[in-house]
Amino acid sequence: MSRHRTESIENDALGFLRRADALSVPIDLVKVARLLEVSVHHETLEDEVSGVLLIKGPERHILVNQAHHPNRQRFSIAHELGHLVLHHKDGDRLFVDTHIKLYQRVGAPSSKVYTEPGSATTPQEEREANQFASALLMPAPLLKQAAKERDLWDELDVSALASMFAVSEQAMAIRLQQLQVVDSVLMMEPNRKSAGAFHELH
Ligand SMILES: [Zn+2]
């Protein structure tokens, strides 16, 4: 993903958080969903399905797998909001996400609903939806502020930050790494080792 696209997604997420008056941790996704006129339903879904975005006329529904860990459900909801904001142009559409992986899409072609016409997304769209979800749940200004008082690279503190933002430790670790690298890129230090890691992740 280009840096320009990444920054644009970060700004989109921050804008929605401000408009929804939701720029405090943990992020209240209900407020964001309300702003975007989306109904969120916690449902029994096939285990491999994390989230579904259904757009039909003026109706917007997100179905999230209630059997999954609450933090995972939050990421799934934020991911589907990303598809809505970034990838929905017009017309009815169905997005079905199986096994949302951070920065990596792993499709499960066996899922019938996944193969419905109109449900297909590109790997680029999946990366963008994940980027939006990270930016929405772990907004850079709030995370940097929280991290200032801690040692970013201490595993225990990653865990504390993760519970503070109600996200998985994996999602938090990736986000911390990304933000540090974004900073280092902005400071024009292209030779830092972490810059390479950033490109590999994306
Ligand atoms: Zn997706």
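Predicted model: local features only at pLDDT ≥ 70, side-chain atom pairs only at ≥ 80, totals over all residues.
Colleague: What distance does helix 4 reach from its first C-alpha to its last?

Modeller: Helix 4 covers residues 123-137, and its buried residues include Phe132, Ala133, Leu136 and Leu137. The expected span of a helix is 1.5 Å times one less than its number of residues. For the 15 residues of helix 4 the expected value is 21 Å, and the model comes close to it with a reach of 21 Å.

Colleague: In what order do the elements of the protein chain run from the N terminus on?

Modeller: Helices (H or I, at least four residues) and strands (E, at least two) are DSSP runs, numbered from the N terminus. On that basis the protein chain has eight helices and six strands. From the N terminus on, their order is α-α-β-β-β-α-β-β-β-α-α-α-α-α.

Colleague: Among contacts between residues at least 6 apart in sequence, what percentage join residues at least 24 apart?

Modeller: Two residues are in contact if their C-beta atoms, placed from the backbone, lie within 7 Å. Of the 202 residues of the protein chain, 32% count as buried. Among its contacts between residues at least 6 apart in sequence, the share joining residues at least 24 apart is 59%.

Colleague: How are helix 3 and helix 4 oriented to each other?

Modeller: Axes are lines fitted to C-alpha atoms, for helices over the stretch in contact, and angles run from 0 to 180 degrees between N-to-C directions. Angles under 35 degrees count as roughly parallel, over 145 as roughly antiparallel, 65 to 115 as roughly perpendicular and the rest as oblique. Helix 3 (residues 70-87) packs on helix 4 at an angle of about 120 degrees, with their axes 7 Å apart. The two helices are therefore oblique.

Colleague: Into what classes do the residues of the contact of helix 3 with helix 4 divide?

Modeller: The contact is made by residues including Phe75, Leu81 and Leu86 of helix 3 and Ala129, Phe132 and Leu136 of helix 4. Ala, Val, Leu, Ile, Met, Phe, Trp, Tyr, Cys and Pro count as nonpolar, Asp, Glu, Lys and Arg as charged, and the others, Gly among them, as polar. The residues of this contact are ten nonpolar, five polar and three charged.

Colleague: Which residues of helix 1 make the contact with helix 4?

Modeller: The axes of helix 1 and helix 4 come within 9 Å and cross at roughly 45 degrees. That makes helix 1 oblique to helix 4, and the crossing is right-handed. On the side of helix 4 the contact uses Glu128, Gln131, Phe132, Ala135 and Leu136, and on the side of helix 1 it uses Thr6, Ile9, Glu10, Asp12, Ala13 and Leu17.

Colleague: What distance separates the C-alpha atoms of Ser168 and Phe75?

Modeller: Ser168 is found in the loop between helix 6 (155-165) and helix 7 (169-186), and it is partly exposed, with 18 other C-beta atoms within 10 Å. Not counting residues up to four places away in sequence, Ser168 touches Asn71, Arg72, Phe75 and Ala162. Although Ser168 and Phe75 lie 93 residues apart along the chain, their C-alpha atoms are separated by 8.6 Å.

Colleague: Near what value is omega for the peptide bond from Val25 to Pro26?

Modeller: Most residues other than glycine have a negative phi, and most peptide bonds are trans. Pro26 is found in the loop between helix 1 (3-19) and helix 2 (29-35). The bond from Val25 to Pro26 is cis, with omega near -10 degrees.

Definitions and conventions
Residues numbered from 1 in each chain as written. Buried ≥ 20, exposed ≤ 12 C-beta atoms within 10 Å, placed from the backbone. Left-handed = near helix turned anticlockwise from the far one by under 90°.
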